[in-house]
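Here are my notes on the model you passed along. Have it open while you read.

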Protein chains: 2
Amino acid sequence: MEISQLGEFGLIDRLTKELPVVNASTLKGVGDDCAVLRNRDTDILVTTDLLLEGVHFDLTYVPLKHLGYKSAVVNFSDVYAMNGTPRQITVSLGISSRFTVEHIEELYSGIRLACEIYGVDLVGGDTTSSRQGLVISITCIGEAEADKIVSRSGAKDTDLICVSGDLGAAYMGLQLLEREKVASAGQKDFVPNFGGKEYIVERQLKPEARRDIVRELAEAGIVPTAMMDVSDGLSSELMHICKTSNVGCRVFEERIPIDYQTAVMAEELGMNVVTAALNGGEDYELLFTVPLHYHEKVKDLPGVKVIGHITKPSLGCAMVTRDGGEIPLQAQGWNPLK
Amino acid sequence: MEISQLGEFGLIDRLTKELPVVNASTLKGVGDDCAVLRNRDTDILVTTDLLLEGVHFDLTYVPLKHLGYKSAVVNFSDVYAMNGTPRQITVSLGISSRFTVEHIEELYSGIRLACEIYGVDLVGGDTTSSRQGLVISITCIGEAEADKIVSRSGAKDTDLICVSGDLGAAYMGLQLLEREKVASAGQKDFVPNFGGKEYIVERQLKPEARRDIVRELAEAGIVPTAMMDVSDGLSSELMHICKTSNVGCRVFEERIPIDYQTAVMAEELGMNVVTAALNGGEDYELLFTVPLHYHEKVKDLPGVKVIGHITKPSLGCAMVTRDGGEIPLQAQGWNPLK
């Protein structure tokens, strides 16, 4: 169905029909000039992401439902990275004429699924036409207890540096998707070959936010001194934390968690897997620092690995290689303005 | 200066340097995964707008500073329309390669000016490249006392319908700007002719949100039963209020406030000025309803005009013409998806 048949209000009515409300803080959702929220006892976290077709995603190989899911989840990830809980999102879409109502419903189904899984209410947005390509702008509102909020600036000398999951998988998944896209060019009925590489493809197309890690930390009674999510690459994020905390760091090459499929893919493409893990981006893992006395506690947390420690600022930021040498970290992460 | 010389973080540092914080609810602004806000005693209002080049604005005649100002103000207007006060905004920009650092600083200077005038803090955003054209996504967070929030759904039979300022001016300003754009095509050193029409050009390029009306209402002790801002046109907004409130309405053609310049421009272009006032859009005036017993109070409020009254739903929505006839209202307002 053509979107013009429904018009703006018709489309919005259709997309937002029977939206559930699961959070007590959501007083009023879609349908007025503003959404109305109430957070009497907690602080409010706000984050926003703008995703543009041809810059952040390629619809040749990204299914619309996955795109919707990912667009929401990357915002949730920013809220978890402050040690908070995402509660509401607004979704703005710019839609070009090649999209049908069914396309946008597919995109929305992914957004709604992410909201359902993470317990988030969709409370508003804006829908308009776009002259070229799909535009997705999502703002997420979360909450956190005032004394539990973790910023990027609290890392201290001797703190342990920890990271969740494994790194570089989303980037190697992207390389694989791009390779198959090139291979498929001009071929009808092309079947991409993802055999044995499903994990890295999923990490690229359907990332998850590490709510589980935030819960584990809370249950263990640990409040990190600094935390952020790994969206631009470990190297870039570590340098952010060190700069804003006015400290240095040492991470150990041999401690950087890398999945087997990530390593195999890097080998196939003749790429250095550690470089991919340091600079790949889109991992949406949590990078955090904890005081040294938490060592026994954090080393036993499932899905968490201690990869190094914070130093005095004069020592700078470096990776200690397997042979004991030091390589200065560089923020080579994905730069959307270069 | 090319934006690529600075990169994303360099550009953001430059744009957000020395951002003031004027609201006590803004605990942490730009620079972390999320902004942190605190509203212990009030409810929170959230609204968002997506503006795309070629759809919502034409940089042939819209100066970037005005565009920035307007992009922020239209969001503030949504918060005032709930009887709230805007406090924070996030600003996401998609920037194509034809824009320089100076261009984006110009845009930002307009956003910052709007924030300064309306007492709003810029607390976050996202900045990325765009493949074609400028993308602006702004989310505004406001606050309101729980018992003072005004939605669209509270209008009751016999309520008075009021509107601030005058209508149709922004639309006629747009027609004038488009006419001068066509006249200028291919001509060097073309000087557009806005003589005697400065007001309607300003209404299009630099609208204001009616904070003054919200304050007047508060000082007069009036809480409207329903309110929204006129962005799509009076006719469309009235029908929204009537639909969500389950009522009908009568507005009187002779009561619709129209500025002299709006009328002159409509005459020049052979357009019906009442149609422009009903369907023009982008007025950002406040449309609200109050109980009948407030008649004496509202009729003396500066800048407010009583234009009609709410009826039983069975009577539908209509305009009473000067000759006493009735024309059903139609939502012909600007439809960005048609």
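1. First, the ground rules. This is a predicted model, where local features need pLDDT of at least 70 and side-chain atom pairs count only at pLDDT 80 or more, while totals for chains, interfaces and linings use all residues. Residues are numbered from 1 along each chain as its sequence is written, chains are lettered from A and ligands numbered from 1 in the order written, and side-chain values use heavy atoms, leaving out hydrogens and water.

2. Of the 17 residues in α2(A), 15 are buried, so the helix is largely enclosed by the rest of the structure (buried means under 20% relative accessible area with a 1.4 Å probe, protein chains only).

3. α2(A) packs on α3(A), residues 101-118, at about 35°, with the axes 6 Å apart (axes are lines fitted to C-alpha atoms, for helices over the stretch in contact; angles run from 0 to 180 degrees between N-to-C directions). The contact includes L64(A), F76(A) and Y80(A) from α2(A), and L107(A), I111(A) and Y118(A) from α3(A) (contact means heavy atoms within 4.5 Å). By class, the contact has 14 nonpolar, 4 polar and 2 charged residues (Ala, Val, Leu, Ile, Met, Phe, Trp, Tyr, Cys and Pro are nonpolar; Asp, Glu, Lys and Arg charged; the others, Gly among them, polar).

4. Now a sheet with strands from both chains: an open one of 6 strands, ordered β5(A)-β4(A)-β6(A)-β3(A)-β2(B)-β1(B), with mixed pairing (strands pair if DSSP finds at least two bridges between them). Its edge strands are β5(A) and β1(B), and the twist averages 20° from one strand to the next. β1(B) and β2(B) are antiparallel over 2 bridges, with T26(B) partnering L37(B).

5. Which strands does α3(A) lie across? They are β4, β5 and β6 of chain A, and the helix runs at about 175° to β4(A). Helix α1(A) lies across β4 and β5 of chain A, at about 145° to β5(A).

6. The other open sheet has 7 strands, β8-β10-β7-β11-β9-β12-β13 of chain A, with mixed pairing. The twist here averages 25° from one strand to the next. β7(A) and β10(A) pair antiparallel over 4 bridges, and L160(A) stands opposite V290(A).

Conventions. Buried < 20%, exposed > 50% of the residue type's maximum accessible area, 1.4 Å probe, protein only.
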